[in-house]
Amino acid sequence: MNEPADSSSRVEQQAPAAERRRSQRVVIRIPVRLHFNLGRRDETLDAKTVVVNDHGALLICSRVFPVDTRLEVENLRNGRRQVCHVLRVPRITDLGFEVPISFEASSPGFWGISFPPTAWEPGTG
């Protein structure tokens with residue numbers, strides 16, 4: 001028996017993750033310095049990016065930060081700084097901890113690179 005094709009019986013499909021992104025991601029290693037205070041004193045830690053976009057990055061560093069930790073990330077290539085927070089529990093890898101960060105506000109130009117056009121896909125030229 002066929003069911004009516006109304007909106008209540010249809011399952012909505014979400015767009016693939018790449019289509020839902022707020023900005024393009026670029027795989028690139030950029031040296032950064034993290035500035036933070038976990039209640040004792042001001043500290044810094046050098047790290048590197050794995051992936052960047054206008055809204056944050058995935059970093060590799062030597063320590064774990066709790067979710068929602070407020071950091072200030074300094075791009076060591078251009079000296080710019082941006083306030084951010086840790087999005088989720090870091091994942092351990094052979095290179096260190098992968099720490100996902102999100103800027104408090106979108107920051108086009110922070111990384112000092114040109115991002116590919118939104119509709120660009122690898123291998124399309």
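Which backbone nitrogen does the side chain of T49 reach at 2.8 Å? Keep that in mind as you open the model, which is a predicted one.

**Stop 1: T49.** Start by selecting residues 42-53, which form strand β3, and pick out T49 within that strand. Is T49 buried or exposed? T49 is buried, because its relative accessible area is 0%, and the cut-off for buried is under 20%.

Now show the side chain of T49 and look for its polar partners. The backbone nitrogen it reaches at 2.8 Å belongs to I30.

Next, display what surrounds T49. Setting aside neighbours within four places in sequence, its contacts include R29, V32, L59 and W111.

**Stop 2: V32 and its strands.** Select residues 31-37 to see strand β2, which runs antiparallel to β3 and is joined to it by seven bridges. From V32, step across to A47, its bridge partner in β3. Then find strand β5 at residues 70-75: β2 and β5 pair in the antiparallel sense over four bridges. Here the bridge partner of V32 is N75.

**Stop 3: the hairpin.** Go to the four residues between β2 and β3. Select G39 in this hairpin, where phi is positive, near 100°.

**Stop 4: S102.** Finally, move to strand β8, residues 96-103, and select S102. With a relative accessibility of 9%, S102 counts as buried.

Definitions and conventions
Residues numbered from 1 in each chain as written. Predicted model: local features only at pLDDT ≥ 70, side-chain atom pairs only at ≥ 80, totals over all residues. Heavy atoms only, no water. Helix = DSSP H or I, 4+ residues; strand = E, 2+ residues; numbered from the N terminus. Buried < 20%, exposed > 50% of the residue type's maximum accessible area, 1.4 Å probe, protein only. Polar contact = N/O pair within 3.5 Å; in protein donor to acceptor, adjacent residues only side chain to side chain. Contact = heavy atoms within 4.5 Å. Pairing = 2+ DSSP bridges.
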